[in-house]
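User: I have a structure open here and would like to talk through some of its residues. Could you take me through it?

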Amino acid sequence: QVQLVESGGGLVQPGGSLRLSCAISGSIIRGYAMNWYRQVPGKQRELVAAISSGGSTNYADSVKGRFTISRDNAKNTMSLQMNSLKPEDTAVYYCHAWRDLKNDYWGQGTQVTVSS
């Protein structure tokens with residue numbers, strides 16, 4: 001059974017940094033596209049950052065230049081480095097792995113709160 005477990009969330013002041021990690025078990029991530037999503041109450045889940053199996057990256061306009069997604073296939077992990085955090089970055093952040101319709105997995109989410 002494939003499991004994704006996020007860690008690294010918490011409370012940080014505006015302008016601060018956090019690093020989220022996603023550990024994957026039950027499968028190797030090499031062939032998966034890996035993504036970070038976030039969701040606030042009452043809104044749809046939105047794609048924040050994506051990294052393909054080949055290492056290409058894409059970011060939401062709202063986080064470009066501040067967030068960096070990376071993956072370590074040898075360690076079966078993915079990370080999201082978040083710098084210059086803003087209150088509007090407050091959300092539950094989810095790790096997502098996708099290879100095809102039968103191999104589509106989500107983590108349980110980790111709360112990120114940006115507040116003074």
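Analyst: What follows is a conversation about a few residues, strands and a cavity. This is a predicted model, in which local features need pLDDT of at least 70 and side-chain atom pairs count only at pLDDT 80 or more, while totals for chains, interfaces and linings use all residues. Residues are numbered from 1 along each chain as its sequence is written, and side-chain values use heavy atoms, with hydrogens and water left out.

User: OK, where does H96 sit?

Analyst: H96 belongs to strand β9, which covers residues 91–100; helices (H or I, at least four residues) and strands (E, at least two) are DSSP runs numbered from the N terminus.

User: And is H96 buried or exposed?

Analyst: H96 counts as buried because its relative accessibility is 5%, where buried means under 20% relative accessible area, exposed over 50% and partly exposed in between, with a 1.4 Å probe and protein chains only.

User: What does the side chain of H96 make a polar contact with?

Analyst: The partner is the side chain of D104, at 2.5 Å. A polar contact is a pair of N or O atoms within 3.5 Å; within protein, one must be able to donate a hydrogen and the other to accept it, and residues adjacent in sequence count only if both atoms are side-chain atoms. Beyond its neighbours within four places in sequence, H96 is in contact (heavy atoms within 4.5 Å) with residues including A33, M34, N35 and Y37.

User: Which strand pairs with β9 over seven bridges?

Analyst: That is β4, and the two run in the antiparallel sense; strands pair if DSSP finds at least two bridges between them. Within this pairing, Y37 has Y94 in β9 as its bridge partner. Strand β4 spans residues 33–39 and is mostly covered, with five of its seven residues buried.

User: How many bridges join β4 to β5?

Analyst: Five bridges join them, again antiparallel, with β5 made up of residues 46–51, and M34 stands opposite I51 in β5. The hairpin of β4 and β5 has six residues between the strands, and there G42 takes a positive phi near 85°.

User: Changing topic, how many cavities of 30 Å³ or more does the count give?

Analyst: The count comes to one cavity of 30 Å³ or more, and the largest cavity has a volume of about 40 Å³. On a 1 Å grid over the protein atoms alone, a cavity is a set of points where a 1.4 Å probe fits but cannot get out, and lining residues have an atom within 4 Å of a point. Grid points are joined across faces, edges and corners, and a volume is the space filled by probe spheres set on the points.

User: Which residues line the largest cavity?

Analyst: The lining consists of V2, I24, S27, I28, I29, Y32, A97 and Y105, which divide into seven nonpolar, one polar and no charged.

User: Last one: where is S17 found, and which side chain does a polar contact of 2.9 Å join to it?

Analyst: S17 is in the loop between β2 and β3 (18–25), and its side chain is joined to that of N83 by the 2.9 Å polar contact. With 40% relative accessibility, S17 counts as partly exposed. Apart from residues up to four places away in sequence, S17 touches V12, Q81, M82, N83, S84 and L85.

Notes. 1 Å grid on protein atoms, 1.4 Å probe; cavity = no way out; pocket = protein on both sides within 12 Å on 5 of 7 lines; lining within 4 Å. Nonpolar A, V, L, I, M, F, W, Y, C, P; charged D, E, K, R; others polar.
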